Amino acid sequence: MKNWLQKFMVGRYGVDQLSNALITLSLVLILMSIVLEVQLLNSFGLLFLGVSYYRILSRNTTKRYMENQKFLNILKPIKGKMKNAKNISQMKNKKDKDFKYFKCPKCSQQMRVPKGKGRVNITCPKCKNVFVRKT
Ligand SMILES: [Zn+2]
């Protein structure tokens, strides 16, 4: 059985990132078609599944390779943006940790002060009330 499969796959392109993405997409679409009861999604899902199998079994490996490269090039900036967004949120978290939050005793305005500065005079930006806090 395995031998037969190996023989069958000789000279064929095989699975790549694009095919994997297409299979995932088609499974999501088919699942959505069941949940949402939209037949059209099921048709699209089967179409993508068909395309991915066509690519996997294709003997035109050069063309399939180029397709996958194009797909990876499209994906690159998206992946970069996702990484950026993650970095920004991490920076925000770090920033929050470096500040201590105080409430003005007079007007309850909330403000933040950098940590580790010892005892500081804090001037409320709203009512100009000055109070001393340890950071
Ligand atoms: Zn105040």
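**Note on side-chain contacts in the predicted model**

1. Arg 55 is buried, with a relative accessible area of 3%.

2. Arg 55 forms a salt bridge with Asp 16, in which the closest N and O atoms are 3.0 Å apart. The pair connects distant parts of the chain: Arg 55 belongs to helix 3 (residues 39-56), whereas Asp 16 is in the loop between helix 1 and helix 2 (17-36), 39 residues apart. Both Arg 55 and Asp 16 are buried.

3. A salt bridge also joins Glu 67 to Arg 55, with 2.7 Å between the closest N and O atoms. Here helix 4 (residues 61-97), which holds Glu 67, is linked to helix 3, which holds Arg 55, the two residues being 12 apart. Glu 67 is partly exposed, at a relative accessible area of 27%.

4. Glu 67 meets Arg 64 in a salt bridge as well (3.0 Å, N to O). These two residues are 3 apart in helix 4, so about one helical turn separates them. Arg 64 is buried, with a relative accessible area of 4%. Through shared partners, salt bridges join Asp 16, Arg 55, Arg 64 and Glu 67 into one network. The structure holds 3 salt bridges.

5. The count of aromatic pairs is 1. The ring centres of Trp 4 and Phe 8 lie 5.5 Å apart and the planes meet at 10°, so the pair is stacked. Both residues lie in helix 1 (residues 2-9), 4 residues apart. Trp 4 counts as exposed at 51% relative accessibility, and Phe 8 as partly exposed at 31%.

6. The charged end of Arg 12 sits over the ring of Phe 8, 4.3 Å from its centre. Arg 112 lies over the face of Phe 99, at 4.0 Å from the ring centre.

Technical notes. Residues numbered from 1 in each chain as written. Predicted model: local features only at pLDDT ≥ 70, side-chain atom pairs only at ≥ 80, totals over all residues. Heavy atoms only, no water. Phe/Tyr/Trp six-rings, centres within 6.5 Å; stacked < 30°, edge-to-face > 60°. Buried < 20%, exposed > 50% of the residue type's maximum accessible area, 1.4 Å probe, protein only. Lys NZ or Arg CZ within 6 Å of the ring centre and 35° of its normal. Salt bridge = Lys/Arg side-chain N within 4 Å of Asp/Glu carboxyl O.
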